[in-house]
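Hi there,

Here is the structure I promised to pass on to you.

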Amino acid sequence: MAERDDTPGDGSRPTPDAGPREHLVVPDRVRMPLLTLITQQSLDEDYQVAAERQAAGAPRAPLGRPPRVAAAVLAVFGVLVAVAFVQTTRNRDVVSQSRATLVERIESASDRRAAQEERLADLRDDVALLESSTRRLTDQAQQATSASRRLQVSTGFVPVKGEGVRIVVDQAPDASRSDQVKDRDLRLLVNGLFEAGAEAVAINGQRLTATSAIRVSGTAIEVNRIGVAPPFTVEAIGDVRTLQSRFAETSTGASFLVTADYYRLRVTMQNVDELALPAAPVGRRTLRTITPPDPDDRPDDNGGGGTNP
């Protein structure tokens, strides 16, 4: 399209003094929007180029190639869309399957955790019961140990040490035979000490037990079948604060003190911070078993009796 020329025919430009501004003629391309101007101008130039080619006799461009290219492009695009759709579908299936697997694993782990917590609670209860049983057994073991220790001390199975009282009994140098220390005097003394709370007693180093004997053999006194001679040293382990006073308060202890005074026996008592008494002889610490009688062996109404096994 040829551009319109609004200049005067003589080639001169209008001057400002040629007339008023409203009589000036503005070209259409000035008033046209820029996008429309660009589009029309490009189309006009294309038409002009095509017309020049046709006038010059140039061959026309083949029309079959662009449709084939477009078809190929469309085919490739379709393949890409199909591949993307298939891939998206597969990914969706994988994601759905993975989510289901993850949910299943979470539920399984939750079930295992609940089972473990329940088992933990049961184990805690078992531990509490075992601790209670252990404390009870520990107390019983301590009581049994204490009882065993007391029995070992009282039966003379073990040597003992501790505070106590030492009593020395002697007779006058000019004592007659009747004024000498007798075996019964020592028995009164020993029994009075045990009644007063003595834990262990020994005469001249001979430990006394429930099976020990103090007796006369000829003219000598024997303790555990071993002869002892005056002065007789009697050692008793016990509470030094009360042993002597309690000894005087017992009937056997009082009898011993009266006898000693009557026969002019020399008796000295003193508290000792530590005494050491040996164990009893093996023959005097043998355990014996006592069996209660059978009710069937009781005497009948006629005065008869059964036969002991």
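A salt bridge here is a side-chain nitrogen of Lys or Arg within 4 Å of a carboxyl oxygen of Asp or Glu. Please keep in mind that this is a predicted model, where local features need pLDDT of at least 70, side-chain atom pairs count only at pLDDT 80 or more, and totals for chains, interfaces and linings use all residues. Residues are numbered from 1 along each chain as its sequence is written, and side-chain values use heavy atoms, with hydrogens and water left out.

Searching the whole structure turned up six salt bridges; here are some of them.

One of them joins Arg-166 and Glu-235, at 3.1 Å from N to O. Arg-166 sits in strand 1 (residues 160–170) and Glu-235 in strand 7 (residues 232–237), so this pair ties together parts 69 residues apart in sequence. Strands (E, at least two residues) and helices (H or I, at least four) are DSSP runs, numbered from the N terminus. Arg-166 is partly exposed at 23% relative accessible area, while Glu-235 is buried at 18%. Buried means under 20%, exposed over 50%, and partly exposed in between (1.4 Å probe, protein chains only).

Asp-179 pairs with Arg-264, their closest N and O atoms being 3.6 Å apart. Both residues lie in loops, and the pair ties together parts 85 residues apart in sequence. Asp-179 is buried, at 17%.

Within helix 3 (residues 65–155), Arg-113 and Glu-117 are four residues apart, about one helical turn. Their side chains also form a salt bridge (3.1 Å, N to O). Arg-113 is exposed at 59%, and Glu-117 is partly exposed at 44%.

Best wishes
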